[in-house]
Structure formats: C-alpha cells, structure tokens
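This report describes two contacts in a predicted model.

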Amino acid sequence: MKLKKQNKHLSVEPSGWYWILYILPALLIYTTFMAFPLLDSIRLSLYTGNTDATREFIAFGNFKKLFTDETLSIRYGGAFLHTVIFFLINMIIQNGLGILFAVIITTKTMKARSFYQTVIFVPTTFAVLVTGYLWKLLLNPVWSGDALTKLGLGFLSQPWLGSTQTALVVVSLISCWQWMGIPTMMFVAALKNIPQDCLEVAAIEGASAWQTFTKIKLPLIKPVIGMVTILTFVNNFNAFDIIFATETVNGAPNYATDLLGTLFYRTGIAGEHPVAIADPGLGAAIATITFIVLLIGVIPVLKLTRGDN
Amino acid sequence: MAQSGSLKKQNRHIFYHFIMIVWSFIVLFPIYVLLINSFKTRLSIYINPFGLPSKFNFSNYTTVFKDSDFLIYFKNSFIVVLLSLLLVIIFSSLAAYALAFWKKRNSKIIFFFMIAGMMLPIKIASIRILEIIKALSLLNTIWSLIPIYVAMGIPIGIFILTEFIREIPKELSQAAIMDGSSRFRIFTHIIVPLTKPALSTVAIYNLIPFWNDLWFPLIFINDEKSKTLLLGVTRLFGQYQTDWSKVLAVLTLSAIPVLFLYLAMARQFIEGVTAGAVKG
Amino acid sequence: MGSWRADDVTAMNNLLDAYSKVAPDVEIDFKPTNPADYNTTLRLQLDSATGPDLMYARSYAPGIELFESGYFADCSDIEGLSNFTESNKAPWMTSDGKMFAIPFAAVSHAVYYNKDLFKKANVNVPNTWEEFLTVCAKLQSSGTTPLSNGLADEWDILETFFFGALPNYVGGASQRVKYESGELKLNDANFVKAYTAMKDVAKYCPNGFESVTYNDSQALFATGKAAMFIDGSWTVGTYGEATFDWGVFAIPAPKGNKTAICFHPDMAITMNTTTEYPAEAKAFLSWLCTVEGATTASKYLPAGFFPMINVPISIELKQANEFLALNNGKETDARFVWPLLLDLYSPMDQAVIKVMKGAITPTQAANDVQKAYDNLDL
C-alpha cells in the first residue's frame, strides 16, 4: 500500500495491511466458528422444514407467522414485553447498585473493602442451577413459611415464583443477585482509573461527596456505563439459563416469565414439551429480530457514551 | 471545619457499611443454606432446610474425590477454560490494538463485524458448528470446546479492549514512536501493561460462562474421559428424581476454582491500575 | 445406545451384560444424556450424522416425526413383533402400519399414600372420588397436608394427576377416539366434571402449592409431611428409605363411573438408519421381542417401568407389583392427548392450572380447550 505523506508526524502511519496482521488470528477463529455458522443459520430464517431434505424457501413467511399466527404472536409479544421488563429491572437494580457498590468499595478510607468486593462476586461464581435451587427453596412457602412466621415475617410467605403477577419481577431480582459482581467489577476498574489529581483538586475546592460523584466521577466513567449497558442489554435479550433454573423452559407460571431467549430455545432448538419438534427456521427468525433490535439499541448508546478525555 | 468534615465522613461510612452489611447478608444467607444442605442427605434437606445438619454427612464430598471420573472432569474443565481464556486475551488484545489505532473506515467495519457476535444466540448455529468440529475430527475431545469458546470470547474482548486502548493517552505511544520503537514493541511494552485491568476484566467476564457452560460439552462430548465438570454433574440428574445434596456438594466444589481464579485475576486490577495512573 | 434415562446406568449395563452372554462378540455401550436435553441432543446428533446406533424412542408423535425424518429404521420386519398386543404396538406404529421401534416399557399413574398417617386420621382407602375428597378433609383436620402435588413445574399436575384421572371421566381408548374425531366435544359434561374435580382438590394441596415443584412434592411425601401424592409409577423405587408404611391405590372415579387406569407406553428402542452395524442392531432388537429376552430385560427395568410384552411377568418390588395389579379388571388408556392431540397439551395444562388457582371456572376451562381444538386444523 502507499505510504502516507510525511508531514507533521515524524512517523509513518502503518497501512491497513499491517494492522490486519494483528487482527488476523481473532478474525479467523471468529469467522470460522462463529460468524459463518451464525450467518448460515440466520439464512435458515427464510426457510421452513426440519432437515436439509425437507427445507423449503418461504422468504419472510416465518417473520409473518411470528406476528400473525394466533398463539405464536401472543407468545412472541409476551416474550418481548417480559424481556424489556427483565432488562429494565436489571439496568436499574443490578447496574444502579453496581455503581453504588463500586463507589463504596473505592472509598479508600472504608474498612473491609476487599471483603465486600469478594462477597459481591461470590454468587457470580456459582452455576445458575445452584442459584435456581437455592432461591426456589427460600421463596417457597412450603419450606420457608414456618421460619418466616416464627420471625414475624409471615406476610413474606407467598408463592412468589408461582404467581403470574410476581414471578417475572422476582426472577429478575434473582438474576441481579447472581450477576451483580460483573458490573461492580467493571465500575470499580473505571473508578480506579480516574486520575488522583482530579479528585485531589475537588477535595481542596471543598466539593462534597455527592458533588464529586455527580460532577467528576460519573462523567469520567461514562464510557464504562455505556459498555455495561450494552453488555446487560445484549445478555438480557438472550437470557435463558436463569429462567430454566428458577422456573421452567416454558416460562412458567403460564408463560409469565417467558423471555425471548426461552421462546427461541423452545421454537428453534428443543421444541415444546412433549412434542419436542423444533422449527429451526422460525427460531432463526426470532433470533434475527432480536439481533436487529439489539443493533438498534447498541449503536446510539455507543455514540452517546464514547468518552472524551 | 476539619471536625465537621470528618464527622460527615464518619456518618457516610456508617451509611456505606450499613448498605454493604445488608447486601452481604442477602448474599451470605443463601450461601449458608447451600453449604449446610450439601452436608445433608437427599431427603433430610427437606426436614429442616435452613437448619444445621443433625449429622454432618461428608459422603457427598468424599464420593467426588473417590470417584475418579470427577477428578478427570475437573482437570478437563481447567485445561479448557485456562487455554481458552489465554487465547481470547492474546487474540483480542492484538486485534483491539489494531482496531484502536487504525483509523480508517475498514477498521470500523471490521470492529462492528466482530462485535456483532455478541448479539446472537450462538445456540442457533449448533448444527453447523457440530459439523465443523466433526470435520476437524475433534468430536468427543476436550479440544472441540476451545475454538468455540475462543470465538465466543473474542467479540466481548474486542469490545472492551478497543475502548480501553482508545483511552490511553496518545502522547505515550507518540513518544515511543519518536524514539524509533516498532508498533509491536509499543504493544508489548506500553499497551499491554496499561490495559491490565481491562485484560483481567475480559478474563473474568469470560471465565464464568466458559467454566459453567453445559451446552457445547453436551453436544460435542460423549466420552467419559473428555467430559467437563458441569457436564459430569448432569449425570447426577435423573429424569424424575435428583439427589440435590450431592449436586450441591459438587457444584460448591466447582465454584471454588472459579473464586480462586477471580481473586488471582482481580489482583491484576490493582497492579495494573497503579502502574497506569500516572497521566502525562 | 442413547437414552434419556440417566438414572438407569447400572440397570441397563446389567441388561447389556446379559445380552453379551447371548451375543458374545457384540458390545453395546449405554450412554444416556441429561434427560431434559435428550430430544435436542439426539436431534442435533442425528442431523449431523453423529448419532448413536441404538436409541430410545418416545411414543407417538415425537417418535413418528423422527421416523419420518428418516432417522429411525423400519422395524416392521423384526421377528417376534407378534409377541406384543396391537394396543402395545400402536404407540410406535405409523398410520400406515409401519413399526419403527420395539416397545420396551410403560408407566402407570396412581395415588401414593402414607398408611401410617391414614391410620392416625382414621381414614381408609377411598373407593369413589367423593370419598376421596372426604378423606382429604379428614386428613387436613388431623393436621397433615393431604396432597403434596404442586403447580410450579406445570407438567406433573397434567401428566400424572389430570391425565391419570381423566379416563375415570371420559372413558378409555374407545371413547378417546370419539373426542379426537370431534364426535364428542372437549367441553362436554364429562370434561367439566373432570376440571371441577381438580378445582375441588386444590385446597388440599400444600399452602403455596403454586410454587411447589415436582421435586418438592416428592420430598413432602417422602418426609411424611403430606399424606398422599398423585404420581407416576416411576417413583415407586425412591421411597425405599421411607420411615413409614406406604402403598398405592387407583385414582377413584366419581360414583357411578368405572375406575380406569392411565397406563402409558413410554419407552421403546430402535436403531439408527445410518448405523454401521445394522445386522447386530437388528439382532439385539429381535432378542428383546423373544420371551427370554423380554423376561431378562424386565428384570433390569427400573422400578415402576412395566414390560409391554404379551407374556406374564412378575416383578420383584412389592409396591411395583401392587401398581401393576391395579390394572386388573380395569380399562386402560394412554395419556389422553398423546396419540393425536399433542397440540392441546399446553392449552389443557394451562386450563387445569388456572382452574386450580381459582382464576377461571371449570366450564371456562373446558371451553378454552375446546376453542384450542377448533383452532387446530385436523
């Protein structure tokens, strides 16, 4: 490639081909094992049929079905709504508390900071199955009812996970409980990255803790907030394991906890119990729409939170 | 003034401690329930789910150690996870370095192409991936898992690292260039040390899904000697009945290496940050 | 050999050892998968040509679909198929009479009851549904939870309880066919009675039963915290450590109806069309059809799974024998929706759950299911 004209810079700007060498290993593995299979499976959204032999091209038929078929459109609409609620609860509670905890942990004069930091992370290390089992045990009136009544907390003894009104919120909270460690960790890193001099100047100028937080810390960690938002967004819209562990693959009770991730799994991979016959094309259609929604959400967030030094 | 300042500080600290203690309770109580029930027998959990075991039953833990299969599962998980994390870190930091410094449109296109992988559920591609792994003759070995985990970790690695590398002040690398340093040396001697917190974030972020993944071991591996820990645990799940006290014991043991790896990597934060806090 | 019965590793290995005495140069490895993932994993493996040589087949539609996709081999010509009755072969037969698997085991459904708690409350095994409700009331006033069934996992209340009781209200196979064809409506008086029965029994389930999972139900019964559990025969082996005396009785029909049993064909074994060892696989399958083979196999069947061969077989476990004996003199049928109406599984499930939660009336429930039936194009 041509060399860039040397004017102000004493250096030569490397050509694209040079940089591609750095990108190559990642690009190769990613394309072979992720991009290519995914693109091929997205292509399936335009087809119906279960095996290579029975496939038929139906263009946007699958997409139409998602919005017009009587049962399916109810499921899809429900799953979409539930996923949005799930995401909002996670954003506010998991990420909100994450920032709070990170501020607390990075307060140099606090004692027991590393203890708290480790405690926050412990649930994240556990397999979702364990989390599901534990909370199913704790939230079940049959097992915890007696203990709660003895403590005078009898009113807390409700079938939280079995009631269509409360199940989704409770499962979202359990998800926050489990994953709290990750955003906290990222916010801690971001806060620690803030140059000491900025904070010292603020202290000398007599800024209160709240002022320091809102005027200095928050703006400086904006890129990380953006990153955490995107990661939460992407993970929640594909969330599956937590529902599988605390409820059922069907999003019990009565589909109240059905998310796009569980709907996708039932439609495209496992099929409904007990029939268990999947429709990969339909599943791919669900995943494609989710993908588009995610793109639409991610790009503005990226633009808004790109840090300026 | 100094007095009221430190009084305010003290009050704030009490408030902070209060919040953290409440949260710690919310975390530690379920963990306590987990631990005590792993020492009970299958049905005695339900006689008194939140009380200490009347008799500490260690057999759930000892069977894991005596059962040589579980030791193999542990070993397999270690190898797969550590190797995958290593490759993810190396490949994505190299790529992120390039993408952060290469300012052309092609670079942006490649960047978006590579982070798009985060947004799709990898499970839909299962059949094609299975076919590829089969074609490479990696089925039923632990090596089948590494390419797919690395591929899954790269989008996130690139996403996080590109951003962090962009934040590094340009003056540092400019100075090195003027000193005649090669781009690669800049990478190894300046960029990598400064991004240690980000590198450990990427490692920890991927550690959890790699270690706890059930799906890919399930469809790639049938041989006992190649199973990973979580896949091995599913052996304890019957169609209609499960011995949860055993499952809890095994999964508690499974969480310990993860916790250790987290603590080890979290140290990198502190070291990395103190090294990089000096801003030109 | 692939299977969803991760529980049966020891038993099946014994069976396969016994077979290797018959066919010494054939080795069959039993490699079960996590039950929840069996269908998916099997499908993926078959789609990418990495499937097992022999595998378990589910009954009716799920099995038929795999056969029609070309994965299961045609078994119609295996000798010994005549050792099975027509109704036992039906679940693994396509509409044009092709057999695609060898019937292996069936399950049954009944009421497990704690004899000690019954004595304490001074009640006896009920013979009609009305008596059953009285027994529940007496147990409740004596301080025990009468029934441990719950709704959280959704499948159990339908498959074991509702379908277990349904033949008492709508009759056996000969009647079911009329519902399938539309001759009888799914919201007729019989069905409304069935849903009402579910509603009536809800207050005898544990407090908070909306959150009670299948695992919880087993635990409640096994620890003596509940007196009865309506469940399938597959758990009959797990109460061995129970500290109380227990037995089973059939879900009683309302006064005036005849008690029928839901005896459901569950597992069959078939071979992969692309297996490299078709002759050996076929040999194993025909061995299962012979009297000696089937008798040996039934020795190793897990407790609560009953052999389907048309030959009298005795079972070791006392309560399993009791279970099988419940069939005597009664009409039996598979679970109602399995043969043709699997698409109604979910609507019926939600209908039963809502009725038990008190969200809708039994009549509304029946109408909902009828509406779902009308929406299917059959």
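The text below takes the interface of chain B and chain A, then the domains of chain C.

**Chain B and chain A**

Chain B brings 90 residues to the contact and chain A brings 95 residues. About 9200 Å² is buried between chain B and chain A, and carbon and sulfur atoms account for 79% of that area. The interface has 1 salt bridge. R128(B) pairs with D40(A) in a salt bridge, with the closest N and O atoms 2.0 Å apart. Helix α1 (residues 2–38) of chain B supplies 19 residues, the largest share of the side of chain B that touches chain A. By class, that side of chain B consists of 72 nonpolar, 8 polar and 10 charged residues.

**Domains of chain C**

Chain C is assigned domain 1 (2–107 + 264–325) and domain 2 (108–262 + 336–374). The centres of these two domains, taken over C-alpha atoms, are 29 Å apart.

**Buried area and polar contacts**

| Pair | Buried area | Polar contacts (both at pLDDT 80 or more) |
|---|---|---|
| Chain B and chain A | about 9200 Å² | 10 residue pairs |
| Domain 1 and domain 2 of chain C | about 1300 Å² | 3 residue pairs |

Terms used. Residues numbered from 1 in each chain as written. Chains lettered and ligands numbered in written order. Predicted model: local features only at pLDDT ≥ 70, side-chain atom pairs only at ≥ 80, totals over all residues. Heavy atoms only, no water. Contact = heavy atoms within 4.5 Å. Buried area = accessible area lost by both parts, 1.4 Å probe. Salt bridge = Lys/Arg side-chain N within 4 Å of Asp/Glu carboxyl O. Polar contact = N/O pair within 3.5 Å; in protein donor to acceptor, adjacent residues only side chain to side chain. Helix = DSSP H or I, 4+ residues; strand = E, 2+ residues; numbered from the N terminus. Nonpolar A, V, L, I, M, F, W, Y, C, P; charged D, E, K, R; others polar. Domains from an automatic or database assignment.
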